[in-house]
Amino acid sequence: MKKIILFCFFFSSSYQLFAQNINVDSLIHVAISRTNATNVLANQNHDSLFKAFTLAKPGNSRTALIYKLINYGQPTTKFGLTYHYKIQDWARKNNDPISESIVTAELAFELSQNGDVAEGIKLALGALKLAEKTGNKEAIGIVYDNLACCYSSSDDDLLTNNNDIKLMAYYFGQGLNFSILAHNDLFISYDYGGLGSVYRVMNKPDSAKLYGLKSFEYAVRKNVPVQIAQSLLDLERLQTDDKLKLKYLNAAIVIATKGRVDDIFTHGYLLIAKLHKAHGNTDSAMFYARKAYYFAKNQAVSDRIGPADFLMQLYTGTNADSALKYTKAFYAARDSVYNIAKSQRAQALTYSEERRKQELETQKTAYAATIRIYLLVIVIAFLLLIAFIFWRNNNMNKKGKIQIQNALDQLKATQNQLIQSEKMASLGELTAGIAHEIQNPLNFVNNFSDVNMELVDEMQLELNKGDKEEAIAIAEDIKQNLEKILHHGKRADGIVKGMLQHSRASTGVKEPYDINVLADEYLRLAYHGLRAKDKSFNAELVTYFAENLPSINMIPQDMGRVLLNLFTNAFYATQQKQKNNTADYKPTVEVSTGVEKGWVIVKIKDNGTGIPDNIKGKILQPFFTTKPTGEGTGLGLSLSYDIVAKGHCGTIEINSKEGEFTEFKISLPV
């Protein structure tokens, strides 16, 4: 159908051929000698073609099958837009936005040709947005071509709106650019012809001739029979010499015959018939008009109108029976076109309504998911509050018992209190890190929820206005926001589940565990814990986790305390050095894992203050600390050593240079 539109653009004007650099006769000879049959659709079953389409690889292969299924954009009365919608539905269900954007653009073109120009343009713009998201140059070029064609009509109403003419030129130009990048020969020749048509309407005859000849020359060079024949029909309209007109028409029919471009026969033979009538050759005019009508019966119903009307005029006054026959055929074809147009518009409206219902259902489901997330957050907050109350009450009870113990019990209680303080310090670091981690996804959930409430109001306004296209676009934005809400909700859920898992009291039972996962999690928690106290502190985190590391039998909660203690000390050392160092100092903490001779190795290194040689031997002793009074208990490293050495049969080694770095090496048996 788009080829017919390009042909119709040239119908009402005549031009002299501008062929100083292009020998049309030579190109016709080349085209006739090279053209081979390419349109094999008549010998193929649509269902088998559709199956081949679903099995083809996304991209060029599927695109070629799309145009076989929809007859190169020329719908027939037999199938109408059935396969347009079938392809569109399949592409949406199977996440193929390339095919969806192409067939949606073709649907937009068909709607515009049936009178719904505004609706067609809206649909084409939506297809363009989808194609641009895919980044597929072929799809973008095809959609631009269809968008340009939406501004024309099947009745060849010449555009008078200067803005629309400029938009057509822009869209054809964009289509040409992207089709060239995609090496899409069919649409390159289409867009050359389209630009020629637009320049004719803009009253730029030289440019119109130039692009018309470019379309013909390119189609011949790339052997695109469907556009070679159409370009000859267009060039015929530029001639004033009837002999040259007839020559081009005959050449177009020969090429159409060899290339099996059936729709060319109707228009070519009808033009030949009109030439004969103009010269008074009525019998020849009738002969070629009947041939045009014969071929039109196998094409779209709209193609029968022209031949039937011409034959009706020829036979009026000479053969009453034939005149009556073609009069009936003319009105039957015209009525059928009107009915088909109504049916296609009804199909489009039905499909749009179904999509609207699907979007609303998706919106309801996503809203319910959001409510569930909010309820989960509330329940978690409540449980944390209860846990805090129990912990506070338990701590108060312990203090009461300590007051009634004897001197020996008081000494033991003091030791226990110091140990508990060290554990609570680790818990504080862990809680601060978790709070920082969970705040980000909750902020995203809140922000996108607020945006969606505004978008829902906007969508309701657009639906009340009847602007379904805009409503669909808004619904798509809502869907994307809800996907982000769901993503960040799952992130928050994962953090909470991890927190609950690692907050469980240690059972003392070892279980296989991935040390990489544990090290990565506690590294981030320790960092965010310190950041929660000192917002100005920033450090570079470097990880070198060995792949395929064997799982280790360990008590995850105990080993987590070890890692959290070492990470906290590392960040503390870099923080202190940063306070006393120049501006070019960059705090860095490195974590690496690996296997050495049957031992899993975890190394934690920082570029902080380092440990003096004279206290390296004391660093793992109970109650020894280098921190100022009130900032450390001296039990963190001692407890860590006991957990590794006594609880897991491992070792802790220290390597440090004062003022440069400190490295702790944990070795655990596989």
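In this predicted model, strands β4 and β5 pair in the antiparallel sense over eight bridges. The two strands form a hairpin with two residues between them. They belong to an open sheet of five strands, whose order is β2-β4-β5-β7-β6 and whose pairing is mixed. The chain as a whole has 22 helices and seven strands, and 47% of its 670 residues count as buried.

**The β4-β5 hairpin**

- Val 595 stands opposite Val 600 in β5.
- Lys 597, in the turn of the hairpin, has a positive phi of about 50 degrees.
- Most residues other than glycine have a negative phi.

**The rest of the sheet**

- The five strands form an open sheet in which the pairing is mixed.
- β2 (540-544) and β6 (651-657) stand at the edges with a single partner strand each, so one side of each has no neighbour in the sheet.
- From one strand to the next, the twist averages 15 degrees.
- β2 and β4 run parallel and are joined by five bridges.
- Thr 543 has Val 591 in β4 as its bridge partner.
- β6 pairs with β7 (residues 661-669) in the antiparallel sense, over seven bridges.
- Asn 655 stands opposite Glu 663 in β7.
- Helix α20 (residues 515-533) packs on the sheet, where it touches β2, β4 (588-596) and β5 (599-606).
- The direction of α20 makes about 170 degrees with that of β4.
- Helix α22 (residues 636-648) also packs on the sheet, touching β6 and β7, and its direction makes about 25 degrees with that of β7.
- In a regular strand the side chains alternate between the two faces of the sheet.

**Nonpolar cores**

- The largest nonpolar core has 98 residues, and those with the most contacts inside it are Phe 53, Ile 87, Phe 216 and Leu 232.
- Helix α10 (residues 185-201) gives the largest share of this core, nine residues.
- Neighbours within four places in sequence aside, Phe 53 is in contact with Arg 62, Leu 65, Ile 66, Leu 69, Ile 87, Trp 90 and Ser 99.
- Another core, of 37 residues, lies apart from the largest one; among its members are Leu 518, Ala 526, Ala 570 and Ile 615.

- At 1.5 Å a residue, α10 should span 24 Å, and its end C-alpha atoms are 25 Å apart, which agrees.
- His 183 is found in the loop between α9 (162-182) and α10.
- The phi of His 183 is near 60 degrees, a positive value in a residue other than glycine.
- His 183 is exposed, because its relative accessible area is 66% and the cut-off for exposed is over 50%.
- Just after α10, Asn 203 takes a positive phi of about 60 degrees.

**The loop between α22 and β6**

- Cys 649 lies in the loop between α22 and β6.
- The phi of Cys 649 is near 55 degrees, again a positive value in a residue other than glycine.
- With a relative accessible area of 51%, Cys 649 is exposed.

- Arg 34 lies in helix α2 (residues 24-34).
- At 36% relative accessibility, Arg 34 counts as partly exposed, because this class runs between the buried limit of 20% and the exposed limit of 50%.
- Arg 34 and Ile 255 are 221 residues apart in sequence, while their C-alpha atoms are 9.3 Å apart in space.
- Leaving aside neighbours within four places in sequence, Arg 34 is in contact with Val 220, Arg 221 and Asn 223.

**Totals for the chain**

- Among contacts in the chain with a separation of 6 or more, 69% are between residues 24 or more positions apart.
- The accessible surface of the chain comes to about 33,400 Å², and 53% of this surface belongs to carbon and sulfur atoms.

Methods. Residues are numbered from 1 along each chain as its sequence is written. This is a predicted model: local features need pLDDT of at least 70, side-chain atom pairs count only at pLDDT 80 or more; totals for chains, interfaces and linings use all residues. Side-chain values use heavy atoms; hydrogens and water are left out. Two strands pair if DSSP finds at least two bridges between them. Helices (H or I, at least four residues) and strands (E, at least two) are DSSP runs, numbered from the N terminus. Axes are lines fitted to C-alpha atoms, for helices over the stretch in contact, and angles run from 0 to 180 degrees between N-to-C directions. Contact means heavy atoms within 4.5 Å. A nonpolar core is a set of buried Ala, Val, Leu, Ile, Met, Phe, Trp, Tyr and Cys residues joined through side-chain atoms within 4.5 Å. Buried means under 20% relative accessible area, exposed over 50%, partly exposed in between (1.4 Å probe, protein chains only). The expected span of a helix is 1.5 Å times one less than its number of residues. Accessible areas come from the Shrake-Rupley method with a 1.4 Å probe; for residues, only the protein chains shown count as cover.
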